[in-house]
Amino acid sequence: CGQCNPPDHSFCNNQAVCEAPQGDQGGCSGTWLKCSAVPEPPTPAPVPPMPVPAKVEQCCYDTCGQCNPPDHSFCNNQAVCEAPQGDQGGCSGTWLKCSAVPEPPTPAPVPPMPVPAKVEQCCYDTCGQCNPP
């Protein structure tokens, strides 16, 4: 609706008073209508906090972020990582303890909008011109 008193209005809250003429008869000169209630939008589920990243040891080149994965097939221990490349078969890296990059949490799905309920209220003109209940 749209130009309506709320369903719990202190005076125009039943069909007889709503449709009675204003003036000496104490009516509201309105039209009693059954309109869709405007539902509150669903509250989205809170996003879980990001977990504190775990520390992993890995072979890096200059800084954390430029590293082989911890399960790298060759440079996966400190001795091999820090050994020079070439005849000694090392990786010429630096063994660092870096923060593991966690997978971002999957947000919870937003529940579907409920079907609007019908409310009865005193309106002035037509549905579409009432205040929300």
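Residues are numbered from 1 along each chain as its sequence is written. Because the model is predicted, local features need pLDDT of at least 70 and side-chain atom pairs count only at pLDDT 80 or more, while totals for chains, interfaces and linings use all residues; side-chain values use heavy atoms, leaving out hydrogens and water.

**View 1. Cysteine 59 and cysteine 81 form a disulfide.**
A disulfide here is a pair of cysteine sulfur atoms within 2.5 Å, and by this rule the count is three. In this one the sulfur atoms are 2.1 Å apart, and the link is right-handed, with 85 degrees about the S-S bond. Cysteine 59 sits in strand β2 (residues 55-60) and cysteine 81 in helix α2 (residues 78-82), so the pair ties together parts 22 residues apart in sequence. Helices (H or I, at least four residues) and strands (E, at least two) are DSSP runs, numbered from the N terminus.

**View 2. Cysteine 60 pairs with cysteine 67.**
Their sulfur atoms are 2.0 Å apart. The S-S torsion is about 95 degrees, so this disulfide is right-handed. Cysteine 60 is buried at 0% relative accessible area, whereas cysteine 67 is partly exposed at 22%. (Buried means under 20% relative accessible area, exposed over 50%, partly exposed in between, with a 1.4 Å probe and protein chains only.)

**View 3. A disulfide joins cysteine 75 to cysteine 91.**
The S to S distance is 1.5 Å. With a torsion of about -90 degrees, this disulfide is left-handed. The pair links distant parts of the chain, 16 residues apart: cysteine 75 is in the loop between β2 and α2, and cysteine 91 in the loop between α2 and β3 (94-99). Both cysteine 75 and cysteine 91 are buried.
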